[in-house]
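Morning, everyone. Please bring up the model on your screens, and we will walk through helices, salt bridges, a pocket and a surface patch.

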Amino acid sequence: MTDWIEPSARETEPAYSSEQVELGRKLVARDDLLTGEKQRTRLEIGDLLLAVAPMDTDKTANDSNELIRTFAADIGMTAGMAREYRGVSAGCDSALRKLLAGSDVTVSYSVVREAALGFSLPKETREAEKALAKADRERRRQDRWEILLRMLQEPGRRRVTAQEFRAAIGARPIPNSASAMTAEKIVEQLNRPEVRSAVMASVMEPAFLVEALAADPMAELKIRDSLAQVAQVTGSRQNTPPEETDDRLVLQFRRRVNLLHGLVEMHPEQIINIADEDMLNDLEKACEGLAHWAQRLHSARTCGQAGVR
């Protein structure tokens with residue numbers, strides 16, 4: 001005896017394919033991992049959502065919203081974010097994307113969102129814009145894009161920040177936890193190993209050093225003085241008793257522990273969507289070795305040994 005299935009349920013075909021779901025999951029995973037590619041990744045997610053639920057179709061708003069909600073749940077994102085990405089992609093055509101990609105000026109996803117949607121404009125302004133005819137709405141959007149494109153042409157500009165662009169289009173500033181913190185509070189965060197590691201990686205970027213040295217001619221001399229002091233401290237450590245732990249080794253080890261935590265917190269399906277067969281095989285071998293290593297570490301701690309050979 002089989003379960004009864006309503007005729008409508010049997011006859012209804014899926015509104016999107018399994019291939020679209022698989023692609024969506026991969027893009028969402030990439031968005032989580034590759035923070036430097038959020039603009040491109042989120043536009044690609046938006047394009048996929050437009051393919052699933054195109055704009056200006058015969059579907060009612062409720063039907064489109066339900067389709068977006070269902071697809072978003074299948075690929076692992078909220079319906080609100082899905083609608084936003086879809087709207088941003090619809091408001092950023094291929095010609096604009098080529099201009100952004102061809103510019104040497106860094107433009108974040110937040111800036112693109114402001115240009116495409118007027119995301120941070122006052123509520124009454126956004127509501128009034130929604131009530132306009134389509135041609136008038138497009139004209140408003142084009143005005144925002146023209147402001148951004150003019151900013152890209154400014155001599156010496158390296159990036160357009162979201163705060164700058166919001167000010168340029170008359171939108172409200174959106175405070176975040178970092179901008180609301182004092183400089184002293186931000187410096188205190190350097191006591192956290194993962195923050196220190198991220199800051200050092202950023203500071204060592206050649207582009208950052210070029211910009212910093214150009215902004216302050218004394219910066220290079222200050223760096224040289226600091227390195228000289230480090231050399232003196234390192235030299236004095238040669239006479240340090242061997243049983244004292246080098247703080248640098250502790251920080252490096254903590255960084256590796258944090259990386260391991262980040263790996264094991266990833267969902268297995270997310271890893272499968274990202275890695276190829278060779279990488280998955282290497283990961284399984286590493287996990288096998290890690291289990292054996294953890295057992296040795298536990299035995300060494302139990303026996304009170306200082307190290308493991």
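Helices here are DSSP runs of H or I with at least four residues, numbered from the N terminus. Take α3, with 15 residues: at 1.5 Å a residue it should span 21 Å, and its end C-alpha atoms are 21 Å apart, which agrees. Helix α2, residues 18-33, has 16 residues. Its first and last C-alpha atoms are 23 Å apart, close to the 22 Å expected.

Housekeeping. This is a predicted model, with local features needing pLDDT of at least 70 and side-chain atom pairs counted only at pLDDT 80 or more, while totals for chains, interfaces and linings use all residues. Residues are numbered from 1 along each chain as its sequence is written, and side-chain values use heavy atoms, leaving out hydrogens and water.

Next, burial. Buried means under 20% relative accessible area, exposed means over 50%, and partly exposed is in between, with a 1.4 Å probe and protein chains only. Which residues of α2 are buried? They are Q20, V21, G24, L27, V28, A29 and D31. In α3 the buried residues include T41, R42, L43 and I45. Further along α3, G46, L48, L49, L50 and V52 are also among the buried ones. A53 counts as buried because its relative accessibility is 2%. Its C-alpha atom is 8.8 Å from that of R86, 33 residues apart along the chain.

Now charges. Side chains of opposite charge can pair when their charged atoms come close. A salt bridge here is a side-chain nitrogen of Lys or Arg within 4 Å of a carboxyl oxygen of Asp or Glu. How many salt bridges does the structure hold? It holds 14.

Start inside α3. R40 bridges to E44, with the closest N and O atoms 3.1 Å apart. Both lie in α3 (residues 38-52), four residues apart, about one turn of the helix. R40 counts as partly exposed because its relative accessibility is 42%. E44, with a relative accessible area of 28%, is partly exposed. R30 joins R40 and E44 in a network of salt bridges.

E84 and R113 meet in a salt bridge at 3.5 Å, N to O. E84 sits in helix α5 and R113 in helix α7, 29 residues apart. Buried or exposed? Both E84 and R113 are buried.

One more bridge: R157 and E154, 2.7 Å from N to O. E154 is partly exposed, at 34% relative accessible area.

On to the largest pocket. A pocket is an open set of points on a 1 Å grid over the protein atoms alone, with protein on both sides within 12 Å along at least five of seven lines. Its volume, the space filled by probe spheres set on the points, is about 830 Å³. Of the 21 lining residues, the closest to its centre are M55, G87, L117, K130 and R141. Helices α5 (79-90), α7 (109-117), α8 (123-130) and α9 (134-152) each supply at least two residues of the lining.

Last, the surface. L260, L263, V264, L290, W293 and L297 form a nonpolar patch. Patch members have over 30% relative accessible area and no salt bridge, and nonpolar side chains (Val, Leu, Ile, Met, Phe, Trp, Tyr) are joined within 5 Å. Helices α15 (247-264) and α17 (277-303) each supply at least two of its residues. L290 belongs to α17, and at 33% relative accessibility L290 counts as partly exposed.

Note on methods:
Patch = residues over 30% accessible without salt bridge, like charges linked within 9 Å, V, L, I, M, F, W, Y side chains within 5 Å. Areas by Shrake-Rupley, 256 points an atom, 1.4 Å probe, with all protein chains shown as cover. Expected span 1.5 Å × (residues − 1). 1 Å grid on protein atoms, 1.4 Å probe; cavity = no way out; pocket = protein on both sides within 12 Å on 5 of 7 lines; lining within 4 Å.
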